[in-house]
Amino acid sequence: MRVVSLLPAATEMVCLVGACDTLVGVTHECDHPPEVRRLPRLTASGIDHRRMTSAEVDAAVRRITDEASLYSLDAGLLRELEPDLVITQGLCEVCAVSPGVVERALSTLPRRPEVLSLDSSSLEEVISDLVRVGEALGRGREAREKAGSLRQRLRRVARAVEGLPRMRVACLEWLDPPYSAGHWVPEMVALAGGEPLLAAPGEPSRRMGWEEVVGAAPDAVVLMPCGFDVRRTLREAGLLAKVPGWEDVPAVREGRVWAVDANAYFSRPGPRLVRGVELLAALLHPGALPTGPRPGEATRLAREVFAAR
């Protein structure tokens, strides 16, 4: 079978069930596992977020999505690759190629491949999608075994934090302007032994004002800008010093503000979300799990970062 993945999370799923060798093309954002980086890239972004601030990225995304798709798809390369299966999504036009762009490209192919669309908004749906991917690839048994292992890890976290005090947690999916982290993230917080603020499980992420974030008075704040790793997030964190009332937020006063690797463990609806739950539990309840955050997964922000500038 020849598989094209137009979703980084799907690429991870294909490889997790042992079918990495079936991939013939991926997106420009597919980077895990490392071996997929050598595959042909079918997509490109209309902006280069590496050279832009969060505010500039937000403005550019709004401008592009108002007029056209944020991502382009190489229909000529898709034709050359002759896929039997294309895995895509329809949940978010900012996260991956839009369904309309995909459909237009597919309509030009001499032979239409099977299309599998993944549109998860909860952890269980993500794990179920892993099984769907495995079954589509003839790896149903392997996929069900991996799904069982992921569910077992989630149960292990839930047992570890059971009965512990539950801090009120604000997770921010973007910083300038601020966005709540919705979809599966509130569920992740709850499983990790926290009380999610600003969004309920399954709700989409939404734009907010800083007054809402400050007014929620969270006990802990987790900075997880979509697609950013820890280092990239730290480049933006200084702007919080300009937020009125920020230093009075309980999480800031108590030193419970973290930047996490959102790109790996929170932004993508893939199997590594389970590691994200484990990571949150380790941050909110130090010592509850056998191991804490690994290097590069999370960083506690010192209060000096928010000092007035």
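This briefing describes ring pairs, a helix pair and some backbone features of one structure. The model is predicted, so local features need pLDDT of at least 70 and side-chain atom pairs count only at pLDDT 80 or more, while totals for chains, interfaces and linings use all residues. Residues are numbered from 1 along each chain as its sequence is written, and side-chain values use heavy atoms, with hydrogens and water left out.

**Aromatic pairs**

- The structure holds two aromatic pairs, where rings of Phe, Tyr and Trp (its six-membered ring) pair if their centres lie within 6.5 Å, and planes under 30 degrees apart count as stacked, over 60 as edge-to-face and the rest as tilted.
- The rings of W174 and F228 have centres 5.1 Å apart and planes at 55°, so this pair is tilted.
- This pair links distant parts of the chain, 54 residues apart, with W174 in strand β7 (residues 167-175) and F228 in the loop between β10 (220-223) and α9 (230-237); helices (H or I, at least four residues) and strands (E, at least two) are DSSP runs, numbered from the N terminus.
- W174 has a relative accessible area of 10% and is buried, and F228, at 2%, is buried as well; buried means under 20% relative accessible area, exposed over 50%, and partly exposed in between (1.4 Å probe, protein chains only).
- W210 and W246 form an edge-to-face pair, 5.8 Å centre to centre with 75° between the planes.

**Packing of two helices**

- Two packed helices are described by the angle between their axes and the distance between the axes.
- Helix α5 (residues 123-136) packs against helix α6 (residues 140-161) at an angle of about 160°, with the axes 7 Å apart; axes are lines fitted to C-alpha atoms, for helices over the stretch in contact, and angles run from 0 to 180 degrees between N-to-C directions.
- The helices α5 and α6 are therefore roughly antiparallel to each other, a term for angles over 145 degrees, whereas those under 35 count as roughly parallel, 65 to 115 as roughly perpendicular and the rest as oblique.

**Backbone features**

- Most residues other than glycine have a negative phi, and most peptide bonds are trans.
- The peptide bond from H32 to P33 is cis, with omega near -5°, and the bond from D176 to P177 is also cis, with omega near 5°.
- L198, although not a glycine, has a positive phi of about 75°, and L198 counts as buried at 15% relative accessibility.
- A217 is likewise not a glycine and has a positive phi of about 50°, but A217 is partly exposed, with a relative accessible area of 28%.
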